[in-house]
Amino acid sequence: MQLIFGDWRLGRILMFFFITSSVSFGLGGNLINIILAGIIGATLSAGGFFFDYLGDYKKDRESGNLKNPIARGTLSPRAGLIFVVLCFAISITICIIINFWALIPLFCLIGVIGGLVYGILDTALLRSISLGALQGFYVLIGALFAYKFELSVILLSLFLFFAMTGARVLGDTRDLPYDQKTDTSTIPKKYGLKWGSWFLLFNEFLAYIIGIMIYLLGLLGIGYLICMIIIIAIGIPLNLLYFFHPTPKTARIANVLSLAILGSLFVIAMLIGRL
C-alpha cells in the first residue's frame with residue numbers, strides 16, 4: 001500500500017477522515033454519523049488523489065515526478081480508474097443513506113477535482129482557489145452529517161478555504177522544479193515567488209481573522225479558541241519563514257509542518273470546541 005499511496009498521501013487521507021468526522025462531532029453529530037462522515041472524507045480524498053494521478057500520469061512521467069504510482073508503473077491506469085469509481089460510489093451511497101443534502105457539497109467537490117484533472121480549472125489562481133474550495137466542501141459534508149447548516153458552518157468552511165488557498169503556494173513552490181519542465185501553471189511559476197509569498201500571507205491572515213471570529217460569535221467554546229491561538233502562533237512563523245526564504249526547500253518544510261501540526265490542531269479544536 002505504501003508503494004501505491006506513498007506516506008504523504010496516506011497521511012492526507014487520514015487527515016481528511018479526521019477533518020470531516022471532527023467537524024461532525026464538534027457540531028453535535030451522533031457516533032454513527034461521525035464515523036460515516038470520516039469514511040466519506042477518507043474515500044473522497046483517496047478517490048480524488050487517484051483521479052488526479054490518472055489525469056497527470058503522462059505529464060508526471062515526462063517530468064520525472066514519479067510520486068505518481070501510475071507514472072512509475074506501480075499501478076495500471078485501469079486499476080486506478082476502478083479504485084476512483086469505487087471510492088466515489090461509497091461516498092455517494094453513504095450520503096444518500098444519511099443525509100441527501102450532503103450530495104450537494106459532495107458533487108461540488110468531485111466537480112472541482114474533475115475540473116482540475118481535465119484542465120478546466122488549471123490556471124495559476126484557480127488551482128489555489130480550488131484547493132481551498134475542496135477543504136470547505138469537506139467541512140460542509142461533516143456539518144451536514146451532524147444535520148447542521150448555520151453561520152458556524154459557513155465560517156468554518158471559509159477558515160479552511162482561505163487557509164488552504166494560501167497554502168497551495170507552498171505545495172506549488174515545493175514542486176516548482178518539476179512544474180518548470182511542464183506546461184503546468186502555478187502562482188510561483190507564473191507570477192514569481194515574491195508575489196506568491198504575499199498571496200500566502202494575505203490568505204492566511206484572512207483565515208486567522210475568521211478563525212477568531214468563530215469563537216467571538218460564541219459558536220464554539222474556549223477549547224477551540226486555545227487551539228486556534230496555537231494555530232496562529234505556529235502558522236505565522238511558518239508563513240514568515242517562506243516569505244523571507246521562498247525556495248522549494250523551505251516550502252517543503254512549511255508545507256509538511258502546516259499539514260501535520262496545524263491540520264491536527266484544527267481537528268483537536270473541533271473535538272474540544274464542543275465541550
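This is a predicted model: local features need pLDDT of at least 70, side-chain atom pairs count only at pLDDT 80 or more; totals for chains, interfaces and linings use all residues.
Trainee: What makes up the protein chain, helices or strands?
Mentor: Helices. There are twelve helices and zero strands in the protein chain. Read along the sequence, the pattern is α-α-α-α-α-α-α-α-α-α-α-α.

Trainee: How much of the chain is buried?
Mentor: Of the 275 residues, 56% count as buried. As for the surface, the chain exposes about 12300 Å², with carbon and sulfur atoms supplying 74% of it.

Trainee: What do the contacts say about residues at least 24 apart in sequence?
Mentor: Take the contacts between residues at least 6 apart in sequence: 73% of them join residues at least 24 apart.

Trainee: Okay, let's pick a residue. Why is S185 called buried?
Mentor: Buried means under 20% relative accessible area. S185 has 19% relative accessibility, so S185 counts as buried. You'll find S185 in the loop between α8 (176–179) and α9 (187–191).

Trainee: And which residues does S185 touch?
Mentor: Not counting residues up to four places away in sequence, S185 touches D122, T123, A124, R127 and K190.

Trainee: How do you know that the side chain of S185 has a polar atom close enough to A124 for a polar contact?
Mentor: Check the distance. The cut-off for a pair of N or O atoms is 3.5 Å. The backbone nitrogen of A124 lies 3.4 Å from a polar atom of the S185 side chain, so the pair is within that cut-off.

Trainee: Now L126. Why is L126 called partly exposed?
Mentor: The partly exposed class lies between the buried limit of 20% and the exposed limit of 50%. L126 comes out at 33% relative accessibility, so L126 counts as partly exposed. L126 sits in helix α6, residues 124–144.

Trainee: What is L126 in contact with?
Mentor: I120 and L121, leaving aside neighbours within four places in sequence.

Trainee: How far apart are L126 and S185?
Mentor: In sequence, 59 residues; in space, 9.8 Å from C-alpha to C-alpha.

Trainee: Last one: how many charged side chains are there, and where do the centres of the two sets lie?
Mentor: The chain has 19 positive and 12 negative side chains, and the centres of those two sets are 3 Å apart.

Conventions: Residues are numbered from 1 along each chain as its sequence is written. Side-chain values use heavy atoms; hydrogens and water are left out. Helices (H or I, at least four residues) and strands (E, at least two) are DSSP runs, numbered from the N terminus. Buried means under 20% relative accessible area, exposed over 50%, partly exposed in between (1.4 Å probe, protein chains only). Contact means heavy atoms within 4.5 Å. Accessible areas come from the Shrake-Rupley method with a 1.4 Å probe; for residues, only the protein chains shown count as cover. Lys and Arg count as positive and Asp and Glu as negative; His and the chain ends are not counted. The place of a charge is taken as NZ of Lys, CZ of Arg, CG of Asp or CD of Glu. A polar contact is a pair of N or O atoms within 3.5 Å; within protein, one must be able to donate a hydrogen and the other to accept it, and residues adjacent in sequence count only if both atoms are side-chain atoms.
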